[in-house]
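Hi there,

Here is the structure I promised to pass on to you. Have a look at it first, and then read my notes below.

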Amino acid sequence: MQQQVTLLTPPAAGRMHASAPSLARRGFTMIEIILVLSILAILTSIATAAFTRSVEQVRIDRAAQSLSYDLQMAFSLVGRNRKPVRITWDSTNVRFNITDRADTLFRTRPMGITSEFKLQKSMFTVSRPVVEIYPPGLSNDSLNIRIVNRNQRRTVSMSRGGLVRVLKQ
């Protein structure tokens, strides 16, 4: 059995090892990591702002639609019960109430911070705090409810004859 023997010779004086393998680059530099993290932070802040605007818009849309349904329901209550119904805006508690003249509560719609809509009192502009609907199906006045938050606006408009619309403005 033959063995192969390799002789190692010392390098010549003053000369670098040209045949020595160079170390492979491992990992990232600190500047590269900071650059990537700062780009991610900027993108995250942009996405968060857009998401927040979308959530606020959905809340305003849902609140306006719910108010529209409640106003239509008030007219149907008058037709069914043949008794006047009162729609009241309670600005202290940020809610709408639908009652009869004896203060029997048919419906309350909370709109404030603690409700599902999480809207603030300052976002609402109500044309009349109290509107009555009489048995023939006519109200004593029209009602406009504006919900505004920055650039998002919705107006719930109720005519004297019971036409309820949600307007985008």
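**A buried residue in a loop, and what surrounds it**

At a relative accessibility of 9%, V94 counts as buried, where buried means under 20% relative accessible area, exposed means over 50%, and partly exposed is in between (1.4 Å probe, protein chains only). V94 sits in the loop between β1 and β2, and its phi is positive, about 50 degrees, although V94 is not a glycine. K118 also has a positive phi without being a glycine, near 55 degrees. K118 belongs to the loop between β3 and β4 and is partly exposed, with a relative accessible area of 41%.

Before you go on, please note that this is a predicted model, in which local features need pLDDT of at least 70 and side-chain atom pairs count only at pLDDT 80 or more, while totals for chains, interfaces and linings use all residues. Residues are numbered from 1 along each chain as its sequence is written, and side-chain values use heavy atoms, with hydrogens and water left out.

**The overall layout**

Starting at the N terminus, the order of elements is α-β-β-β-β-β-β-β-β-β. Of the 169 residues in the protein, 30% are buried. The protein exposes about 12000 Å², and carbon and sulfur atoms supply 58% of that area (Shrake-Rupley method with a 1.4 Å probe; for residues, only the protein chains shown count as cover).

A contact means heavy atoms within 4.5 Å. Among contacts between residues at least 6 apart in sequence, 42% join residues at least 24 apart.

**The nonpolar core**

A nonpolar core is a set of buried Ala, Val, Leu, Ile, Met, Phe, Trp, Tyr and Cys residues joined through side-chain atoms within 4.5 Å. The largest one here has 29 residues, and I87, F124 and I145 have the most contacts inside it. At least two residues of this core come from each of α1 (30-81), β1, β2, β4 (124-126), β5, β7 (143-149) and β8 (152-158). With nine residues, α1 gives the largest share.

Which residues does I145 touch, leaving aside its neighbours within four places in sequence? I145 is in contact with L67, L71, F96, F124, T125, V126, R154, T155 and V156.

Rings of Phe, Tyr and Trp (its six-membered ring) pair if their centres lie within 6.5 Å; planes under 30 degrees apart count as stacked, over 60 as edge-to-face and the rest as tilted. The whole structure holds two aromatic pairs. In one, the ring centres of W89 and F96 are 4.6 Å apart and the planes lie at 40 degrees, so the pair is tilted. W89 and F124 make a tilted pair too, with 5.1 Å from centre to centre and 40 degrees between the planes. Because W89 lies in strand β1 and F124 in strand β4, this pair ties together parts that are 35 residues apart in sequence. W89 and F96 are buried, and F124 is buried as well. Together, W89, F96 and F124 form one aromatic cluster.

**A network of charges**

A salt bridge is a side-chain nitrogen of Lys or Arg within 4 Å of a carboxyl oxygen of Asp or Glu. That rule gives ten salt bridges. D103 and R86 form one of them, with their closest N and O atoms 3.9 Å apart. D103 lies in the loop between β2 (95-100) and β3 (105-110) and R86 in strand β1 (residues 85-90), so this bridge ties together parts that are 17 residues apart in sequence.

R86 also bridges to E132, at 3.1 Å between the closest N and O atoms. This pair links distant parts of the chain, with E132 in strand β5 (residues 130-134) and R86 in strand β1, 46 residues apart. E132 in turn forms a salt bridge with R101, at 3.0 Å. R101 is in the loop between β2 and β3, 31 residues from E132. So which residues does the network link? R86, R101, D103 and E132 are linked by salt bridges.

Enjoy exploring it!

Terms used:
Helix = DSSP H or I, 4+ residues; strand = E, 2+ residues; numbered from the N terminus.
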